[in-house]
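Keep the structure in view while reading.

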Amino acid sequence: MERYRYPTTSLVPDYLRVAFGLAVSAGPLMALDLASAVAILLSGLALLFAWFGVRTALRQLSWLELSAADIALCGPIRRRLPWQEVGRMQLAYYAPRRARQDGWLQLTLRGRRGPKIRVDSTLDGFDEVLRRATAAATRNELPLDPATQANLAALGLTATARRSEP
């Protein structure tokens, strides 16, 4: 069984964004007497940054386990998906700017029932996870959307699964 975690170095920028966002949104709420509309707006932003902080902490406390039989997300939130039950695979690329560099990939696996497992390319061992997921998609003859096919091809991976219908 192989275990993979998100390296702390990849999470530090997210924690810094959370700290900055909370300072800018929650700071004025605590320090100033604001008009109710402004207070509501800043409260919403503070909640958004707090939610992002919780998600980042969950990623730090979680790890992914791969075996020949299944993929499992372990930690505070647990999910297990046998490879033979993978019913959908999606590989999306996200670029923070128009220049398609410094982006990241996000792999989403879903079973025929139950919750999905989602990991991004900052995970140590992401290449191995993606290789195994692609093999499972091929074995299970999953339809893959055009974006997933293009992203796999850009990485030099091919899935002989059928393309999804538009």
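**From fold to surface patch**

Leu45 has a relative accessibility of 34%, so it counts as partly exposed. The cut-offs explain the label: buried means under 20% and exposed means over 50%, so a value in between is partly exposed. This is a predicted model, and the values here are computed from it.

Where does Leu45 sit in the secondary structure? It belongs to helix 2, which covers residues 36-61. Leu45 also takes part in a nonpolar surface patch.

Now step back to the chain. It holds 4 helices and 7 strands. Read from the N terminus, the order is β-α-α-β-β-β-β-β-β-α-α. The C-alpha trace spans about 60 × 35 × 30 Å along its principal axes.

As for burial, the chain has 166 residues, and 37% of them are buried.

The surface comes next. The chain has an accessible surface of about 10200 Å². Carbon and sulfur atoms account for 58% of that area.

Last, the charges. There are 22 positive side chains and 14 negative ones. The centres of these two sets lie 3 Å apart.

How values were computed. Residues numbered from 1 in each chain as written. Predicted model: local features only at pLDDT ≥ 70, side-chain atom pairs only at ≥ 80, totals over all residues. Heavy atoms only, no water. Patch = residues over 30% accessible without salt bridge, like charges linked within 9 Å, V, L, I, M, F, W, Y side chains within 5 Å. Areas by Shrake-Rupley, 256 points an atom, 1.4 Å probe, with all protein chains shown as cover. Salt bridge = Lys/Arg side-chain N within 4 Å of Asp/Glu carboxyl O. Helix = DSSP H or I, 4+ residues; strand = E, 2+ residues; numbered from the N terminus. Buried < 20%, exposed > 50% of the residue type's maximum accessible area, 1.4 Å probe, protein only. Lys, Arg positive; Asp, Glu negative; His and termini not counted. Charge placed at Lys NZ, Arg CZ, Asp CG, Glu CD.
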